[in-house]
Every structure is written in structure tokens, then in C-alpha cells.
Amino acid sequence: MVFLNGLAFGGRAVIQHYTLRLLLWLSGVMPWNIAAMLDAAARRSLLRRVGGGWVFTHRMLLEYFRDLSDEELEDLVRD
């Protein structure tokens, strides 16, 4: 009964969240500890911490990454 109540009140979202994180980590697309990666980008002034999230420091940087093709993004990840 407790398990079913947990699923009904947010437990399903938690399971989906960690399943997605696991799949992205296993495929090599994202690190397991994404917050550490985002904090490292903030220390390098690529991102800025705002509340519980991160934003790009400059709109032009956001647009640059947005406009990259899939192949260009893969090349960046490999380097």
C-alpha cells in the first residue's frame, strides 16, 4: 500500500528521472553528476548559477551551441 501511494504521489517521476539519467550516462552522452559539470562550467564563466539552475552568461554563447549540428556537437564531445 505504501509503495502504491508513493508511486501515485511523485514516485513515478523519481523513477523516470533516475532511469533517464542512467540511460544518458550509460550511452556516454551525459556525466552521472551533471551538477558537478555545470558547476565546472560556471567556474569557467560559461554558465552562471541562478537560484537552483544555470544560465548561459551571454546570449551569443547560447545561440552558438543552439546552432551547432549534431555532427559538430559530437566532435566537441569527443575532444
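So, Glu63: at 28% relative accessibility, this one counts as partly exposed. Keep in mind that we're looking at a predicted model. Glu63 has a partner, Arg59, and the two form a salt bridge with their closest N and O atoms 3.4 Å apart. Arg59 itself is exposed, at 56% relative accessible area.

Why does that pairing work along a helix? Well, an α-helix has 3.6 residues a turn, so residues three or four places apart point the same way. Here, Arg59 and Glu63 are four residues apart in helix H3, which covers residues 59-67, so about one helical turn separates them.

Okay, how many salt bridges does a search of the whole structure find? Three. Another one joins the side chains of Asp67 and Arg66, at 3.1 Å from N to O. Asp67 counts as exposed, with 53% relative accessibility, and Arg66 is exposed too, with a relative accessible area of 53%.

Then there's Arg49 with Asp39, a salt bridge at 3.4 Å, N to O. Arg49 sits in strand E1, residues 47-50, while Asp39 sits in helix H2, residues 34-43, so this pair ties together parts that are ten residues apart in sequence.

Which of its residues are buried? Those would be Leu38, Ala40 and Ala41. If you look down the axis of H2, the buried residues fall within an arc of 155°, so they line one face of the helix. And what do they pack against? The buried residues of H2 pack against E1 and also against strand E2, residues 53-56. One backbone detail before we leave: following H2 you'll find Ser45, and its phi is positive, near 65°.

Last stop, the surface. There's a nonpolar patch of about 610 Å², made by Val14, Tyr18, Leu22, Trp25, Leu26 and Trp32. Take Val14 from that group: you'll find this residue in helix H1, which runs over residues 2-26. Is Val14 buried or partly exposed? Partly exposed, with a relative accessible area of 47%. For a patch like this one, the residue has to have over 30% relative accessible area, so Val14, at 47%, clears that cut-off.

Key. Residues are numbered from 1 along each chain as its sequence is written. This is a predicted model: local features need pLDDT of at least 70, side-chain atom pairs count only at pLDDT 80 or more; totals for chains, interfaces and linings use all residues. Side-chain values use heavy atoms; hydrogens and water are left out. Patches are made of residues with over 30% relative accessible area and no salt bridge: like charges are joined within 9 Å, nonpolar side chains (Val, Leu, Ile, Met, Phe, Trp, Tyr) within 5 Å. Accessible areas come from the Shrake-Rupley method with a 1.4 Å probe; for residues, only the protein chains shown count as cover. A salt bridge is a side-chain nitrogen of Lys or Arg within 4 Å of a carboxyl oxygen of Asp or Glu. Helices (H or I, at least four residues) and strands (E, at least two) are DSSP runs, numbered from the N terminus. Buried means under 20% relative accessible area, exposed over 50%, partly exposed in between (1.4 Å probe, protein chains only). The arc is that of the directions from the helix axis to the C-beta atoms. Contact means heavy atoms within 4.5 Å.
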